[in-house]
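Biologist: Can you open the model and walk me through it? I would like to start with how the parts are arranged.
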Amino acid sequence: MATSDVKLIGAWPSPFVMRPRIALNIKSVGYEFLEETLGSKSQLLLESNPVHKKIPVLIHDGKPICESLVIVEYIDEVWSSGPTILPSDPYDRALARFWAAYLDEKWFPTMRSIATAKEEEDRKALIEQAGEGVMMLEDAFSRCSKGKGFFGGDQIGYLDIAFGSFLGWLRAIEKMNGVKLIDETKTPSLLKWATSFSSHPAVKDVLPETEKLVEFAKVLAKFKAASSNS
């Protein structure tokens, strides 16, 4: 299938934008990456996603597709000749979708709150809550992977993409707070998985470096402070 008319509206620090980028790489689909600027929304973004007005948006043959996991499923269905992303078994597919929803609705919002917590006590409670979530994901990994290297088995799948897209920010938050959420003692399987995922050819060139994200977090905090004071 021709890939010349595939565009992705996004920004390099966004874990949600990483998801379609990884999926496109897995399927060996060439695409044009249209970078959004912090603090502004392009006309193309506003026209392509008038409901949420947010990234990522995949534009394929002139038609926009929104929401990161919806885009991943679309990529899996459209470029069906490449490696499969969603599990073929209905139960495994439901399980992967369940944990992906948990990540987006519960776990990542907790992680994001760590960076904005003003009181040390609140920050510690959020870190503990995020750590409990990682422990649950360690258990989920053993069930989903069935003894293999990825949530998807022998290769990167839907849940690998859903969780792995947060690894850059997870490491940045660990560094900024002097904690370890994924370690050899409590989450040995996830630690091994994270190393394999990060070094995968479809991932390594789009996963942001920890130091770069730490610096971006400082810029973002200043930007938000300036916006709230204006």
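Biologist: How far apart do the C-alpha centres of domain 1 and domain 2 lie?
Modeller: They lie 21 Å apart. Domain 1 covers 6-79 and domain 2 covers 90-216, with bounds from an automatic or database domain assignment. This is a predicted model: local features need pLDDT of at least 70, side-chain atom pairs count only at pLDDT 80 or more, and totals for chains, interfaces and linings use all residues. Residues are numbered from 1 along each chain as its sequence is written, and side-chain values use heavy atoms, with hydrogens and water left out.

Biologist: How many residues does each domain put into the contact?
Modeller: Domain 1 gives 15 residues and domain 2 gives 21 residues, where contact means heavy atoms within 4.5 Å.

Biologist: And how much area do the two bury between them?
Modeller: About 1800 Å², with 74% of it on carbon and sulfur atoms. Buried area is the accessible area (1.4 Å probe) that two parts lose on being put together, summed over both.

Biologist: How many salt bridges cross the interface?
Modeller: The rule finds two between domain 1 and domain 2. A salt bridge here is a side-chain nitrogen of Lys or Arg within 4 Å of a carboxyl oxygen of Asp or Glu.

Biologist: Which elements of domain 1 give two or more residues to the side touching domain 2?
Modeller: They are α1 (15-26) and α3 (68-78). Helices (H or I, at least four residues) and strands (E, at least two) are DSSP runs, numbered from the N terminus. The largest share, nine residues, comes from α1.

Biologist: New topic. What does UniProt list for residues 89-216?
Modeller: The unreviewed entry lists "domain: GST C-terminal" there; UniProt positions are given in the numbering used here, feature names are shortened, and annotations may be inferred rather than shown by experiment. In the model that span is 70% helix and 0% strand, and its end C-alpha atoms lie 40 Å apart.

Biologist: Which peptide bond is cis?
Modeller: The one from Ile55 to Pro56, with omega near 0 degrees. Pro56 sits in the loop between α2 (43-48) and β3 (57-60). Lys53 is also found in the loop between α2 and β3, and has a positive phi of about 55 degrees although it is not a glycine.
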